[in-house]
Amino acid sequence: LALLAASSALFGAESWSSFVAALAHHRDTIYGGGADPAYWGKIQSVFGAVRAAGGGGALAWAAQGGVGLAVAVVVSLAWSRPGRPAVKAALLSAGALAVTPYQFAYDLAAIAIPAAFLVKDRIDTGPRPGEIPVAVAITVGLFAVLVWNRALPLGPLLALALLALALRREGVAG
């Protein structure tokens, strides 16, 4: 509330009505039903993947919400128990990539954040079996997204793969 009051005092209350109008415009233009079908493959989220596969807006939002809820539960549970800070940071940052509905190929550069935390934990605690093939698959997936940007929404799979690696490093997933 203090930030709301401060921004209203500095920029005027009309900045908030403009913000709400911009959100509505964004919703209608980016997530509305009128977008070109080729556009949906560019959105590197669960929402974009469902739309690229031909699913409707309601199904896409339901899938995005379901994944978001599942990731929030998993990350919250992991953070509520003792664990290594680097792995917890990897879980949180990979989870953030998985829950956002609005993510383009260039946003996948943020995958470097959970990857760096996982590398730090690997340096500190040693390797786990099977990590290298998954890391290679994630790297190949990133290149594939860049090459076939219009038709390959792999972003959510890459984020979830990093989440799975972090869970495995924490001993939660087999």
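In this predicted model, helix H8 (131–147) and helix H9 (155–169) pack at an angle of about 165 degrees, and their axes lie 10 Å apart. Because an angle over 145 degrees counts as roughly antiparallel, H8 and H9 are roughly antiparallel to each other. The crossing in which H8 passes H9 is left-handed. On the H8 side the contact is formed by Glu 131, Val 134, Ile 138, Gly 141, Leu 142 and Val 145, and these meet Leu 158, Ala 161, Leu 162, Leu 165, Arg 168 and Arg 169 in H9. Sorted by class, the residues of this contact of H8 with H9 divide into 8 nonpolar, 1 polar and 3 charged.

Helix H6 (residues 85–99) and helix H7 (residues 112–125) have axes that come within 8 Å and cross at roughly 160 degrees, which makes H6 roughly antiparallel to H7. From H6, the residues Ala 86, Val 87, Ala 89, Ala 90, Ser 93, Ala 94 and Leu 97 take part, and they meet Ile 113, Pro 114, Phe 117, Leu 118, Lys 120 and Asp 121 in H7. The contact of H6 with H7 has 10 nonpolar, 1 polar and 2 charged residues. The table sets out the two pairs.

| H8 and H9 | about 165 degrees | 10 Å | 8 nonpolar, 1 polar, 3 charged |

Among contacts between residues at least 6 apart in sequence, 65% join residues that are at least 24 apart.

The next topic is the nonpolar core. The largest nonpolar core holds 22 residues, of which Leu 91, Ile 111, Leu 118, Leu 158, Leu 162, Leu 163 and Ala 166 touch the most other members. Two or more residues come from each of helix H5 (57–80), H6, helix H8 (131–147) and helix H9 (155–169), and H9 gives the most, with 7 residues. A second, separate core has 8 residues, including Tyr 39, Trp 40, Ile 43 and Val 46.

Ile 43, one of the residues in that second core, is found in the loop between helix H3 (37–40) and helix H4 (46–52). Ile 43 counts as buried because its relative accessibility is 0%, and buried means under 20%. Although Ile 43 and Gly 155 are 112 residues apart along the chain, their C-alpha atoms are separated by 8.2 Å.

Lys 88 has its place in helix H6, and with a relative accessible area of 12% Lys 88 is buried. Leaving aside residues up to four places away in sequence, Lys 88 touches Ala 78, Trp 79, Arg 81, Pro 82 and Gly 83.

Definitions and conventions: Residues are numbered from 1 along each chain as its sequence is written. This is a predicted model: local features need pLDDT of at least 70, side-chain atom pairs count only at pLDDT 80 or more; totals for chains, interfaces and linings use all residues. Side-chain values use heavy atoms; hydrogens and water are left out. Axes are lines fitted to C-alpha atoms, for helices over the stretch in contact, and angles run from 0 to 180 degrees between N-to-C directions. Helices (H or I, at least four residues) and strands (E, at least two) are DSSP runs, numbered from the N terminus. Angles under 35 degrees count as roughly parallel, over 145 as roughly antiparallel, 65 to 115 as roughly perpendicular and the rest as oblique. Contact means heavy atoms within 4.5 Å. Ala, Val, Leu, Ile, Met, Phe, Trp, Tyr, Cys and Pro count as nonpolar, Asp, Glu, Lys and Arg as charged, and the others, Gly among them, as polar. A nonpolar core is a set of buried Ala, Val, Leu, Ile, Met, Phe, Trp, Tyr and Cys residues joined through side-chain atoms within 4.5 Å. Buried means under 20% relative accessible area, exposed over 50%, partly exposed in between (1.4 Å probe, protein chains only). A crossing is left-handed if the near helix is turned anticlockwise from the far one by less than a right angle, and right-handed if clockwise.
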